[in-house]
Amino acid sequence: MTHTNSLRIDVRENVELAPYTTFGVHAVARFFAEPRTTEELTAVLRDERFLGLPRLILGGGSNILFTRDFDGIVIRPRMDELELIDENDEYRFVRIGAGADWTRTVAETLDRGWNGLENLSLIPGTVGGAAVQNIGAYGLEIAERIVEVECLNPETMQFVTLGVDDCDYGYRTSTFKHEPNNALIVLSVTLSLPKRFEPIFSYKELAHYFGDQTPTQASEVAQAVIALRRKKLPDPAELGSAGSFFKNPVVSRIKVRHLLEDEPRLVTYQLGGGRAKLAAGWLIDAVGMKGKRRGDAGVYERQALVLVNHGQASGAEIKALADEVAAAVKRRFGVELEPEPVII
Ligand SMILES: Cc1cc2nc3c(=O)[nH]c(=O)nc-3n(C[C@H](O)[C@H](O)[C@H](O)COP(=O)(O)OP(=O)(O)OC[C@H]3O[C@@H](n4cnc5c(N)ncnc54)[C@H](O)[C@@H]3O)c2cc1C
């Protein structure tokens, strides 16, 4: 049976992906589509030319590393509407299209006088990517603001709305990263933004920034977060990266006790349930990898957790450096480092 789509959107062939990722590594997508509406997205998914091909949803490309070409269709949703859909005495409920730029979304909410996202200022990527990766910074994770995530199941072409409790949010993870929900395409995310401003500034660097002052406006927190981030993270426009390349490993407190016997300076954060988080950046620094380069692939000299592309590195070279870093940490501390970005 032939399906004729009344709506046919422009699908490009053999598209260079470097400009669409913050690592800026060379890789080619066989097909590439940028639907601006849900109707355009469904038209692409129904298009017989692409049925059965591998499919990849790309947001801002800020947490993805291509180590090879993509022999299928890359779909980059561009729906970016921001709508105040409801409010009560305590919260504003805001729905944002998955393709909206996250940094711009935070700035726009603050411009409208809406608190709640200031701690997540200046994180690259899209709203959809943020909900998939459960972005977090300076004491806040997006999961704490999510009400629901609207998705399209591309297999059944049905719309599904997942409440926050169905999203299985954890440290940089969600149900959207695991089967079967990794097939879902996020269309929009609804956030609840508290009307009362309660600054979150207990995170060590932020507390230090404010000293004995308490921020009275969300914009002050946003400015502080932006200033701190600019100091320690590379600007993707100048130096390619995906932010933190490794997650901070979570280990048992018994393991921490053993490690501390050898390394009293080890940086750890206590978690519940007899577990603790180790600072991956500290571990990488301790094995002497901070600032190391293998060709154009490098460990960022200001923050060892970040791998960078000094120019012409390939995704495979960055991945090889990541493996070298992880092996060195494993050898010295017996701790596994897990990459945070999606590796293709
Ligand atoms: C300089 C720098 C600093 C960073 N700092 C932080 C930080 O402080 N905290 C933090 O948590 N992260 C940080 N990151 C990582 C990154 O910004 C986030 O993970 C971001 O949310 C990724 O969003 P994206 O749209 O770029 O997703 P992409 O990288 O494009 O995709 C990531 C994953 O999400 C999936 N995806 C994207 N959009 C959709 C959609 N609409 N539907 C279904 N799946 C989708 C993709 O298929 C892929 O699996 C940083 C990155 C950089 C480069």
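## Overall architecture

The protein chain has 8 helices and 20 strands, where helices (H or I, at least four residues) and strands (E, at least two) are DSSP runs numbered from the N terminus. This is a predicted model, in which local features need pLDDT of at least 70 and side-chain atom pairs count only at pLDDT 80 or more, while totals for chains, interfaces and linings use all residues. Residues are numbered from 1 along each chain as its sequence is written.

Taken along the principal axes, the C-alpha atoms of the protein chain fill a box of roughly 70 × 55 × 35 Å. The radius of gyration of the protein chain is 21 Å, which agrees with the value near 20 Å that a compact globule of 344 residues would have; this radius is taken over C-alpha atoms, and the globule rule is 2.2 Å times the number of residues to the power 0.38.

## Domains and their contact

The protein chain is divided into domain 1 (11–75), domain 2 (82–232) and domain 3 (240–343), with bounds that come from an automatic or database domain assignment. The centres of domain 1 and domain 2, taken over C-alpha atoms, are separated by 24 Å.

Between these two domains, 11 residues of domain 1 are in contact with 12 residues of domain 2, contact being counted if the C-beta atoms of two residues, placed from the backbone, lie within 7 Å. On the side of domain 1 that touches domain 2, the elements that give two or more residues are helix H1 (38–46) and E3, and H1 provides the largest share, 4 residues. The residues of this side divide into 3 nonpolar, 7 polar and 1 charged; Ala, Val, Leu, Ile, Met, Phe, Trp, Tyr, Cys and Pro count as nonpolar, Asp, Glu, Lys and Arg as charged, and the others, Gly among them, as polar.

## The shell around the ligand

The ligand is surrounded by 35 residues, of which the closest are Gly59, Gly125, Gly128, Gly129 and Gly243; a residue is near a molecule if its C-beta atom, placed from the backbone, lies within 6 Å of it. By class, the residues of the shell divide into 20 nonpolar, 14 polar and 1 charged.

Strand E3 (55–57), helix H3 (127–133), strand E8 (136–137), strand E12 (185–194) and strand E13 (240–244) each supply at least two residues of the shell around the ligand. H3 gives the most to this shell, with 5 residues.

Strand E10 (residues 146–153) pairs with E11 in the antiparallel sense over 6 bridges, and Asn153 stands opposite Gln158 in E11.

A further open sheet is formed by 4 strands in the order E13-E19-E18-E17, again with antiparallel pairing. The edge strands here are E13 and strand E17 (293–294), each of which pairs on one side only. E17 and strand E18 (residues 297–299) pair in the antiparallel sense over 2 bridges, and the bridge partner of Arg293 in E18 is Gly298.

## Backbone exceptions

Most residues other than glycine have a negative phi, and most peptide bonds are trans. Leu122, although it is not a glycine, has a positive phi of about 65 degrees; the place of Leu122 is in the loop between helix H2 (102–111) and H3.

Definitions and conventions: Pairing = 2+ DSSP bridges.
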